[in-house]
Amino acid sequence: MTDTTTPSGLFVDVLSGAHSWSAVSDITAQNRARTGIAPALVRFRGLLYLFHQDVSDRGTVHYCVSQDGSHWSQRVNLTLRSHAVRAAAEVAPIVYRDELYLFFRDAVDPALIKVCHTRDGQEWSPVTPFALEGARCSSRPLPMEYRGSLFVFYRADSGTRGLVACVSETGADWDTLVNLEHMTGTIVDEPVPVVHGDRMVVAFRPAQSPSAVLTLASDDGTAWRYGGTITTTSFDTATRPALISHWGLLYAFYVDYVDEGALLVSHSADGLSWYGWRSINGHNRSRETPVPAVWDDRLLLFFRDEAEPGHVNVCTKNDHDSWHRYTSISARNHADANGALQVVADEFGIDVGYRSTAYDGNGLAAFHATGPQPWSIRLSDVPDAVDAVSTTSGAVKQCVVGDLPRGTDDSIRSMVPYRDWFLVLRDRGPETLGVVDIVDREQHRKARAVALPEDGLDHPGGCQSIGDFLAVPVRSEHTHDGCVRFYDLSVVSDTAGPLLLDLRVDLGMAVDAVGITDIGSGEDQRYLLAVYTDGVVSMYESNPVPLSDPRCRFTFRFSCPATVRPRPDAMALLTDARGDVWLVGLGSQESEESAGFDDWITLYRIDLTAGRLTIWSRDRLRTRAPERRFLIHFRFGAGLEVLDSETLLVFAADGNADNLSQDGLLSYTEFGPPG
């Protein structure tokens, strides 16, 4: 076999510079869980546990479990498993000595602190109340491990309402009370404890000066001293801070008191002396305390947007002690939060859980950081899925492409569905680079254009995506040369375009369309690439690594004729659950019945061993247009989308945007199963 792959330049790992975010997991849709207050998220024995309280009965505590952050178990009623678990407010979980502990305020007596724990996530201990005199709270109890002991900090339910902690060396016997009220006086809200090196630091807002944040520090958990003041008169706060230790510095984040919405930061080397007060980039704004996290040795800050409180943003610190402008996660996955974010960052990755605005504001949802997904869903039965596509009842829809593709030389060549977008490839005319328009499928917003690579090739063809990657054929109108380029789509959002990979497959000939799928499994899973040109389909096979891996190479495997008319304007390779490979051709030809075109979907079975294609089925699809002036056919823009293991959709687009439409609407037909 001949190696036709050309590597060039530096490989870019998306997660090393910016995170890719998964689609939102609608937990409520999976297990009917709803919550009236913010949930609590923790990882225990490799699994995520999300605790929440029932909407109709606030005291009832439920939890559900997930291994990957996407698929969640049925909710478990912890109140039924441990009858004394009825919480007055948010619960506080922590993993201590390989057991999961849950602290909460009693629903009947909210000043009473209670705790239960589990070793396996199934059987829970009886609930234990804190019986120490003075162990009564007026804020959520916040647990923290320090020097092998478990500390629980809270605002006391006393005349002073100051800072108090209970301590246990085993997690079972709560026999030590640390009363710090004489040092703090009355505090405004719950304290913020953190471990920084060998020192424990607790931040609090004093009632006498609620716009200031003070600290206490201890080197052994017994002797305490006053720390420094986190805020200054120029950088004071309207909210409780968030503290995190990273690379030898202790960072404090909070919302500005004067310019409410501005996010501020200061830091300390020893947890006592604070300095470096500054705004976290003027674009990063929120009305509530942000949530810091450390992952992959980098400091990240999650927060809800000031102007759009449902939108979730993240920003990162650069190497020069300043902060980048935020990235909108909601622009990628449309996360819509209704309250404080819960973030878990560890060796498994980053997971975010929250109360969502769905279900009357009581939904539960989650998403996570992820790398590009290399593979796609496999259909159970490809012929059945193709046969289920209605050939007559396609739905006519429209999306906005603005004033981008309008000239006579500026025409649609391919239409690839991906998540909430269409990637519309178009030819800009002779000696002009083609472009990819990123078009919102649902919201009528103007598209953004990304130029195709500068390869001396200006004419794109029919494309196919696989996982979070896109294979694009490009050719020259003059030299008849061509190649296949690849994009990483995992970074696409409402503000960011696809990332061009260095990988390319040089063909030495013009190419009209490509399809891509995966074959094999496990460590032997690899890509199969089909290239169509001039009545011939050529197959190329990769080594078993993702497209984003700099070691990825494609080698020529075989060619075979595909002379059935019409030729494919776009095509898709599909692998079924049994491992069989199929090719779907979408093409148009001049109609024998009227002036215009007929559109056909042709299914081939590919015999990889014998190196041949066999026609399995061939059906004509009746495209529809809102008016006579529209020309919706596969030859202008075609695409295929696998929704799940049983269902696929087929798309046919107009050749150009509607010049008579002020919004620049592009019409298309969507074919799927009837109903």
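Keep in mind that the model is predicted. A search of the whole structure turns up five cavities of 30 Å³ or more, and strand 21 has seven of its seven residues buried.

- Strand 21 covers residues 249-255 and is mostly covered.
- On one pairing, strand 20 (residues 242-246) meets strand 21 in the antiparallel sense, with five bridges between them. His246 sits opposite Leu249 here.
- Strand 20 and strand 21 make a hairpin with two residues between the strands. Trp247 is the one to look at in that hairpin, as it takes a positive phi near 50 degrees.
- Strand 21 also pairs with strand 22 (residues 263-268), again antiparallel, through six bridges. In this pairing, Val255 stands opposite Leu263.

- Strand 4 is joined to strand 5 (residues 47-53) by five bridges, and the two run antiparallel. Val42 has Tyr49 in strand 5 as its bridge partner.

**The largest cavity**

- Its volume is about 80 Å³.
- There are 14 lining residues, and those closest to the centre are Pro566, Pro568, Gly585, Thr602 and Tyr604.
- Strand 46 (581-590) and strand 47 (597-607) each bring at least two residues to this lining. Strand 46 gives the largest share, with four residues.
- Sorted by class, the lining has ten nonpolar, three polar and one charged residues.

**The second largest cavity**

- This one comes in at about 60 Å³.
- Its lining includes Val416, Pro417, Cys463, Gln464 and Ser465. Also among the lining residues are Ala570, Met571, Ala572 and Leu586, along with Ala638, Gly639 and Leu640.
- Four strands each supply at least two residues of the lining: strand 32 (411-418), strand 37 (464-466), strand 45 (570-575) and strand 49 (632-642).

Terms used. Residues are numbered from 1 along each chain as its sequence is written. This is a predicted model: local features need pLDDT of at least 70, side-chain atom pairs count only at pLDDT 80 or more; totals for chains, interfaces and linings use all residues. Side-chain values use heavy atoms; hydrogens and water are left out. Buried means under 20% relative accessible area, exposed over 50%, partly exposed in between (1.4 Å probe, protein chains only). Two strands pair if DSSP finds at least two bridges between them. On a 1 Å grid over the protein atoms alone, a cavity is a set of points where a 1.4 Å probe fits but cannot get out, and a pocket is an open set with protein on both sides within 12 Å along at least five of seven lines; lining residues have an atom within 4 Å of a point. Grid points are joined across faces, edges and corners, and a volume is the space filled by probe spheres set on the points. Ala, Val, Leu, Ile, Met, Phe, Trp, Tyr, Cys and Pro count as nonpolar, Asp, Glu, Lys and Arg as charged, and the others, Gly among them, as polar.
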